[in-house]
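Subject: Structure handover

Hello,

Here is the structure that I am passing on to you. Please keep it open while you read the notes below it.

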Amino acid sequence: MSEKRPETMQRITTPELAEAFIAEQVEAIKAQVGDKKVLLALSGGVDSSVVAALLIKAIGRQLVCVHVNHGLLRKGEPEQVIEVFGKQLNANLVYVDATDRFLDKLAGVSDPETKRKIIGKEFIDVFAEEAKKQEGIKFLAQGTIYPDILESDGVKAHHNVGGLPEELDFELVEPVKFLYKDEVRVVGKQLGLPDQMVFRQPFPGPGLGVRCVGAITRDRLEALRAADAIVREEIGKLTPVPWQYFCAIPDFVSTGIRYVNGKGERYMGWAVVIRAVNTVDAVTATVPEIPFSVLCTIRNRIIETVPGVNRVLWDISEKPVSTIEWE
Ligand code: XMP
């Protein structure tokens, strides 16, 4: 598919330009959709959130948003989608907690690409099942943005998520398909979405699944989620904030010491890894300096509050040779 951004299209850099874009898209969506229903997989990422907010503005509850929680989301993410879309914007929101389904399928699987495939396939299956439960859907909205068209022949680059089954091959609604990421953010801000959503750092489709190294276990995944929230909170206070910053948890244990009734006792625990990178295109990446005091705050908070973790490491590897993610 070769779809080109019109050469005359102005870059959306101001609230006024965003407002004009929103007004134009609201009309275009109304004209395309009429009184029919539209389905959207709402991850809570910037692109799908902006598309959801645009469609809600245009057609209200004719939009059915499906938020699939695969159990690999970051702390607080599903709650935020429910709060912003379900409550504040009164969206027609279907929340599917598919955690058990995903984690059961992933149990014992350690190969990274197999993990990605399982997560991608399961996501499509869960979404398709929810889609079939809905009556009268005629359109599928997608958060395709212009780099997706330039880089992957017009398919939303979820890397590993394939297409929907044929019987769910709806007509597409893609209101931000000619926008670059920075423009999507300006539009999102103008639509009143919270900064946490609009300026969210990139997060891979397979989520914490590729950061919980090797075969995922529920306890190690919970430790990762808790440690990651601390890393994001503390590094998020830096200026400038790195491009991507998160936590990974390798699948090894190392010795720790704890004191029981004043007596030292050795035990095995997990290590968590702090990862923060700067990049323009994610093809190469550098590692920004993090003040030692910030690293110590992160270490103390993790060691004091995250069960099972007895070591905190800082990954200073650049890309190449190390990838940004641990898997
Ligand atoms: P790597 O680890 O390859 O990551 O240096 C480059 C960028 O891509 C993201 N990433 C993914 N995104 N599905 C995604 O949607 C994936 O399987 C995936 N793997 C890596 C990563 O977070 C980084 O921004």
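**Confidence**

Residues 157-161 have pLDDT under 50, and the model has eight contacts for them beyond four places in sequence. The term pLDDT is the predictor's confidence in each residue, from 0 to 100, and contact means heavy atoms within 4.5 Å. Where pLDDT is low, the predicted coordinates should not be read in detail. For the protein, the mean pLDDT is 94, and 95% of the residues reach 70 or more.

This is a predicted model, in which local features need pLDDT of at least 70 and side-chain atom pairs count only at pLDDT 80 or more, while totals for chains, interfaces and linings use all residues. Residues are numbered from 1 along each chain as its sequence is written, and side-chain values use heavy atoms, with hydrogens and water left out.

**Domains**

The domain assignment gives domain 1 (15-198) and domain 2 (211-315); such bounds come from an automatic or database domain assignment. The contact between them takes 13 residues from domain 1 and eleven residues from domain 2. Taken over C-alpha atoms, the centres of domain 1 and domain 2 are separated by 30 Å.

Helices (H or I, at least four residues) and strands (E, at least two) are DSSP runs, numbered from the N terminus. Helix H7 covers residues 181-190, and in it Glu-183, Val-184, Arg-185, Val-187 and Gly-188 are buried. Buried means under 20% relative accessible area, exposed means over 50%, and partly exposed is in between, with a 1.4 Å probe and protein chains only. What do the buried residues of H7 pack against? They pack against helix H1 (15-33), helix H2 (46-59) and helix H8 (195-198). Just after H7, Gly-192 takes a positive phi of about 85°.

Arg-11 is in the segment before H1. Is Arg-11 buried or partly exposed? Arg-11 counts as partly exposed because its relative accessibility is 37%. Leaving aside neighbours within four places in sequence, Arg-11 is in contact with Arg-5, Leu-17, Tyr-180, Asp-182 and Glu-183. Arg-11 and Leu-179 are 168 residues apart along the chain, while their C-alpha atoms are separated by 8.3 Å.

**A pocket**

The second largest pocket holds about 230 Å³ of space. On a 1 Å grid over the protein atoms alone, a pocket is an open set of points where a 1.4 Å probe fits, with protein on both sides within 12 Å along at least five of seven lines, and lining residues have an atom within 4 Å of a point. The volume is the space filled by probe spheres set on the points, which are joined across faces, edges and corners.

Which residues lie nearest the centre of this second largest pocket? They are Met-9, Gln-10, Ile-12, Phe-21 and Glu-24, out of 13 lining residues. The lining divides into eight nonpolar, two polar and three charged residues. Here Ala, Val, Leu, Ile, Met, Phe, Trp, Tyr, Cys and Pro count as nonpolar, Asp, Glu, Lys and Arg as charged, and the others, Gly among them, as polar.

**Backbone details**

Most residues other than glycine have a negative phi, and most peptide bonds are trans. Some places in this model depart from that:

- Thr-239 and Pro-240 are joined by a cis peptide bond, with omega about -10°. Pro-240 is in the loop between helix H9 (218-235) and strand S6 (244-248).
- Lys-319 and Pro-320 are also joined by a cis peptide bond, with omega about -15°. Pro-320 is in the segment after strand S9 (309-315).
- Asn-90 has a positive phi, near 50°. Asn-90 lies in the loop between helix H3 (77-88) and strand S3 (92-97), and is partly exposed, with a relative accessible area of 47%.
- Ala-282 has a positive phi of about 70°. Ala-282 lies in the loop between S8 and H10, and is partly exposed at 27% relative accessible area.

**Two buried residues**

Thr-279 lies in the loop between strand S8 (263-277) and helix H10 (292-305). Thr-279 counts as buried because its relative accessible area is 12%. Not counting residues up to four places away in sequence, Thr-279 touches Trp-243, Thr-284, Ala-285 and Ile-324.

Ile-118 is in helix H5 (residues 112-133) and is buried, with a relative accessible area of 18%. Beyond four places in sequence, Ile-118 is in contact with Lys-105, Leu-106 and Val-109.

Regards
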